[in-house]
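Let's take a friendly walk through this structure. Have a look at it below, and then we'll go through its ligands one at a time.

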Amino acid sequence: MSTLLDETTTHALRDGAFGNARALTCRECGHEVALGPSYACPECFGPLEVAYDFPAVTREEIAAGPRNIWRYKALLPVPSDIEQSPNTEPGFTRLLEARNLARELGLEKLWVKDDSTNPTNSFKDRVVACALSAARELDAKVFACPSTGNLANAVAAAGARAGIPTVVFIPSNLETPKKVNSAVFTEKLVAVDGNYDDVNKLASEIAGEEEGWAFVNVNVRPFYAEGSKTLGYEIAEQLGWRLPDQIVIPVASGSQLTKVDKAFQELITLGLVEDKPYKVFGAQATGCSPVSVAYKGGTDAIRPVKPDTIAKSLAIGNPADGIYVLDVCRRTGGAVEDITDDEVRDAIVLLARTEGIFTETAGGTTVGVLKKLVETGQLDTSLETVVINTGHGLKTLDSVSDRVGPAATIAPSYDAFVASGVL
Ligand SMILES: Cc1ncc(COP(=O)(O)O)c(C=O)c1O
Ligand SMILES: [Zn+2]
């Protein structure tokens, strides 16, 4: 077995390859290992995450940076010359005050963080940019991922721009736009007959057999996951350097939710925002809701499920970070909730008709869960709330194409228009 993960790999890291990152630390037992291509603790097999020695960072230094995620490079495991390497430059997406949706749901103050405007139209461009940097520093020969669709899009695009051979693995039943959005960037799109958990298992096997492969969410996962922190940093910066009271985040593997919390904690520690309570809420679709089921059952035991939902980007039946999602939501006084596919469709249309934002099924799930949290009294309507839209609706057109369409089909005449009753 000779892979990027092999302990005997002797690739010499250049100085500052991972910026201010100090080590990889085990989330379970705290054991530290040297920065490198590892993702499981050698003591207890717990997940490793990046720990830092942060320098003093000021708001002004951040504000003077580029209008993309590299403005936060001092807080990421990337070298100080990161802007010199080709990447898709994601981030600094808009934070929109959603007055119409707030009124509709009975909330006093609501914001939508709209990550559908990233280069490949989902938040995954953020994590991939960090993973690409790690892959480069580790001298990887192939850039790869198992994906529920959006990650494949982001990896394929970043790999193309970086000029590194890229192979992406997806479940064969994914939405056509997501397949095309990967295949256009790489000729090596592999559709696997199975669900995401099967695809992930295959990727782990390949990572164990092949040399020099960087699977962004497998063997360089600790570095990849850090990219999601930038969503949290941006929300705080765009709110004028303060944290929201409540935030609703979709959950597949659970990585994004836990990293937004990590970002908020770091900003507090660094004195960049005031220390205050905030509640984190997780959103799942009922057809794949292992974390929500565990939350409601008051247990830490997450029972893997076989997904059956239109929210395919969230269809991970055995979420790697599920247990940490429970931790964050319970610690902050939030919750994890789930909604049906019909409610997901309704919420996509609701967000579109109130705010002019077309979200994919993951965002439908998040907005629909926000609505349910209000209706069930789990969310305080007087507090400032942020909901994250993680992907674009053009990627999952079919989910609403039977709900919306022309009000009438008419002959090209004024009389026909009047007769149609549209006005
Ligand atoms: C659009 C979208 N939103 C949310 C998620 C959930 O991300 P995570 O696996 O970090 O929980 C995904 C994952 O693929 C996604 O594609
Ligand atoms: Zn450990």
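## Before we start

Keep in mind that this is a predicted model.

Let's begin with the neighbours. There are 16 residues around ligand 1, and those that come nearest are Asn 150, Ala 252, Ser 253, Gly 254 and Thr 390. Sorted by class, this shell is made up of 8 polar, 6 nonpolar and 2 charged residues. As for where it sits, ligand 1 takes up the space of the largest pocket.

## What its oxygen atoms meet

Gln 256 brings a backbone N or O atom to 2.9 Å from an oxygen atom of ligand 1, and a backbone N or O atom of Ser 255 is 3.4 Å from an oxygen atom of the ligand. Thr 148 uses its side chain instead, with an N or O atom 3.2 Å from a ligand oxygen atom. How much of ligand 1 does the protein bury? Of the 390 Å² that the ligand exposes when taken alone, the protein buries 98%.

## The zinc site

Now for ligand 2, the zinc ion. Its protein donors are the SG atoms of Cys 26, Cys 29, Cys 41 and Cys 44, at 2.3 to 2.4 Å. Along the sequence, these donor residues follow the spacing C-x2-C-x11-C-x2-C.

The site is tetrahedral, with angles of 99 to 119° among the 4 donor atoms. For four tetrahedral donors, the ideal angle is 109.5 degrees.

Technical notes:
Residues numbered from 1 in each chain as written. Chains lettered and ligands numbered in written order. Predicted model: local features only at pLDDT ≥ 70, side-chain atom pairs only at ≥ 80, totals over all residues. Heavy atoms only, no water. Near = heavy atom within 4 Å. Polar contact = N/O pair within 3.5 Å; in protein donor to acceptor, adjacent residues only side chain to side chain. Areas by Shrake-Rupley, 256 points an atom, 1.4 Å probe, with all protein chains shown as cover. 1 Å grid on protein atoms, 1.4 Å probe; cavity = no way out; pocket = protein on both sides within 12 Å on 5 of 7 lines; lining within 4 Å. Sits in = over half its atoms within 2 Å of the grid points. Nonpolar A, V, L, I, M, F, W, Y, C, P; charged D, E, K, R; others polar. Donors = N, O, S within 2.8 Å, 3.2 Å for Na, K, Ca; no water. Tetrahedral: all angles 85-135°; square planar, octahedral: opposite > 155°, others 65-115°.
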